[in-house]
Amino acid sequence: MDPFYFIVIGVVVLVFLFMAIINRYRRCPSDKILVIYGNRGNSKSAKCVHGGGAFVWPIIEDYAYLSLTPIGIDANLTNALSRQNIRVDVPCRFTVGISTEPESMLAAAERLLGLTPAQIQELARDILFGQLRLVIATMSIEELNSDRDKFLEAITANVEVELKKIGLRLINVNVTDIKDESGYIEALGQEAAAKAINEAKVRVAEQEKVGEIGKAEAVRETRIRTAEANAQAVQGENEAKIAIANSDADRREREAEAQRKAVAAEKVASAQALEEAYAAEQKAEVARADRDRASQQANVIVAQEIEKRRLVIAAEATAEQKRVNAKGEADAIYAKMEAEANGLFQILTKQADGYDKMIKAAGGDATKAYTLLLLEKLPELVKTQVDAIKGINIDKVTVWDNGGGGDAKTSTANFLSGLMKSIPPLGELFDQAGLSLPEYLAKKKEEEETQETPTPEKE
């Protein structure tokens, strides 16, 4: 077989061994104790680890955890005998937990490993009941009721020793209330009153004895000191009455002073209460005014601000619309004027082209071309002259003869001739237009003017 396979198998075995060794390393949380038990080479039955970790050998060792969570135990002890043989009820609540001291951890591993919290609680309760009864038996009712510190110190000293044997430690003790079935604790409260009553009775008895002795002496000396005794008795009565009167006066004066102080205190307290009430009402009114002012500002100013913004936005929209419309109108006018300019340019261009062709057709003679244009416009000129008198409506003509004899030129013919002469002649129209009639028309005009002009008579 190829040695390479042996190498591969060896590497695989080593990897599996390494993984198995790593898998057997156990870490301990801070709220637990790791207990490693099994084939231990030393005298200890287990190894306890708090914090950190440890390696657990496979097959020969195993591990478990002990919880460090505190356990609350109610130890309501009843009918426990005190040092005076008086039965008392002492309700207590203890808080215990597993100790982290090396010896205590080993003891907990030996005695508590595998037990449930309820079982540990029951075991600790038995120890606590026994030690609590022992402590109460060594103390009196007065010490239990008045000196709680001493009671708690005694409980702690006795209980911790016993709990340490099973790996536990006492964390806290809380004693709520101590009662006894005979009412002795309640009687302790009445002891001072009873003691005062007894002392008063003793003093009364002594006074009675002194009175009897005085009475005997008075009987013996009755005859001798009757008058003196009566006088002293009267004087004593008067002094007693004076003392009583003074005492009553002092009492009444003190009662009046106390009543005055009480009334003054009540009035001061009432005035302070009214002052505080008025101050509170004033603050409330100021707060209400601030609230109303804020509400009005929110209702009016905010609404006006919103309306102002709306108007500004509407004005901006209207201005923008006007700018858009003005721009559109300007663009339309510009387009129209550009179109008219282009049309006019095309017309003038075409006219220029036509004039150029007309001059070329006339052999390059501008006068001939000008004559051709005039011939084209001649019908329009004639039409213009005709239209000048076309619309004249002559209803009646009245001619006043100026007495010129039989000369016909001064009659109606003269009127019509003058009317026709009011129409611009064709030649003047040509002259006003900067044109000239053709040569044959011009000669004809000159002949007519020569005929119309009268020849001056010779004298």
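The model is a predicted one, in which local features need pLDDT of at least 70 and side-chain atom pairs count only at pLDDT 80 or more, while totals for chains, interfaces and linings use all residues. Residues are numbered from 1 along each chain as its sequence is written, and side-chain values use heavy atoms, with hydrogens and water left out.

**Confidence and overall make-up**

- The mean pLDDT (the predictor's confidence in each residue, from 0 to 100) is 76 for the protein, and 76% of the residues score at least 70.
- Confidence is highest in helix α3 (residues 117-137), at a mean of 87, and lowest in helix α11 (residues 439-452), at 55.
- Over residues 455-459 the pLDDT stays under 50, and for this stretch the model has zero contacts beyond four places in sequence, a contact being heavy atoms within 4.5 Å.
- The protein has 11 helices and nine strands, which are DSSP runs numbered from the N terminus (helices H or I, at least four residues; strands E, at least two).
- Of the 459 residues in the protein, 16% are buried, where buried stands for under 20% relative accessible area, exposed for over 50%, and partly exposed for values in between (1.4 Å probe, protein chains only).
- Among contacts with a separation of 6 or more, 66% are between residues 24 or more positions apart.

**The second largest pocket**

- The second largest pocket holds about 170 Å³ of space, the volume being the space filled by probe spheres set on grid points that are joined across faces, edges and corners.
- On a 1 Å grid over the protein atoms alone, a pocket is an open set of points with protein on both sides within 12 Å along at least five of seven lines, in contrast to a cavity, where a 1.4 Å probe fits but cannot get out; lining residues have an atom within 4 Å of a point.
- The lining consists of Y65, L66, S67, T69, I71, G97, I98, G114, L115, P117, I120 and L168.
- At least two lining residues come from each of β5 (61-67), β7 (87-98) and α3, and β5 gives the most, with three residues.

**The aromatic pair**

- The structure holds one aromatic pair, formed by Y63 and Y65 in an edge-to-face arrangement, with 5.9 Å centre to centre and 80 degrees between the planes.
- Rings of Phe, Tyr and Trp (its six-membered ring) pair if their centres lie within 6.5 Å, and planes under 30 degrees apart count as stacked, over 60 as edge-to-face and the rest as tilted.
- Y63 counts as partly exposed because its relative accessibility is 25%, and Y65 is likewise partly exposed, with a relative accessible area of 33%.

- I36, in strand β2 (residues 32-38), counts as buried because its relative accessibility is 1%.
- Not counting residues up to four places away in sequence, I36 touches A46, K47, A54, F55, V56, E61, D62 and Y63; the C-alpha atoms of I36 and E61, 25 residues apart along the chain, are separated by 6.9 Å.
- In helix α2 (residues 102-111), the residues S104, M105, L106, A107, A108 and A109 are buried, and the buried residues of α2 pack against β2, β3 (46-49), β5, β7 and α5 (148-164).

**Two loop serines**

- S140, in the loop between α3 and α4 (141-146), is buried, with a relative accessible area of 6%, and its contacts, leaving aside neighbours within four places in sequence, are with R83 and Q84.
- S45, in the loop between β2 and β3, counts as partly exposed at 40% relative accessibility, and its C-alpha atom is separated by 7.6 Å from that of E110, 65 residues apart along the chain.
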